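Colleague: I am new to this structure. Please take one part and walk me through it closely.

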Amino acid sequence: MATGSWLSPLLWFFAIIALIPLALWLLKRTPVGASAGQGVTRVISTLALSTSQRVVTIEVGQGDARRWLVLGVTPASMTTLHTMEPQADAPAGATLAAATPPVTAFAQLLGRLRQDKGLASER
């Protein structure tokens, strides 16, 4: 068996092994798709229902194609609950802190309804 017959495949093997980290590095730094890196998805609000369940509102798309998706999120799945037009009253870059007052207002309303129901059952 000639020396050159086993040397060439061995060199190709090492060349391919050396190219794997380079390919991964390039893949990590190269945007994939036309919209990568442009921030076309943002979280509008998040509401925790339990430790493992949340209702999340996100905005997807740009310009006239923008939509808000209301998602039910669990550890096992994500389900689209509702799709709607973006609301004008939500400021750009709204955070979870900005979404807290409506949640608090809802909690207060729920508490008042419980109190009213408790008073009605005592009568």
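**A close look at strand 2**

Modeller: Strand 1 and strand 2 pair in the antiparallel sense, over seven bridges. Two strands pair if DSSP finds at least two bridges between them. Strands (E, at least two residues) are DSSP runs, numbered from the N terminus, as are helices (H or I, at least four residues). This is a predicted model: local features need pLDDT of at least 70, side-chain atom pairs count only at pLDDT 80 or more, and totals for chains, interfaces and linings use all residues. Residues are numbered from 1 along each chain as its sequence is written, and side-chain values use heavy atoms, with hydrogens and water left out.

Start with the strand 1 side. A hairpin of five residues links strand 1 to strand 2. Arg42 faces Glu59 of strand 2 across this pairing.

Now the other side. Strand 2 joins strand 3 (residues 67-73) by seven bridges, again antiparallel. Six residues lie between them in a hairpin. Gly61, in that turn, has a positive phi of about 90°. Arg54 has Val73 in strand 3 as its bridge partner.

Thr57 sits in strand 2 (residues 54-60). Val70 in strand 3 stands opposite Thr57. Thr57 is buried, at 10% relative accessible area. Buried means under 20%, exposed over 50%, and partly exposed in between (1.4 Å probe, protein chains only). Beyond its neighbours within four places in sequence, Thr57 contacts residues including Ile44, Trp68 and Met84. Contact means heavy atoms within 4.5 Å.

Four strands form an open sheet in the order 1-2-3-4, with antiparallel pairing. Strand 1 (41-48) and strand 4 (78-84) are at the edges, each with a single partner strand, so one side of each has no neighbour in the sheet.
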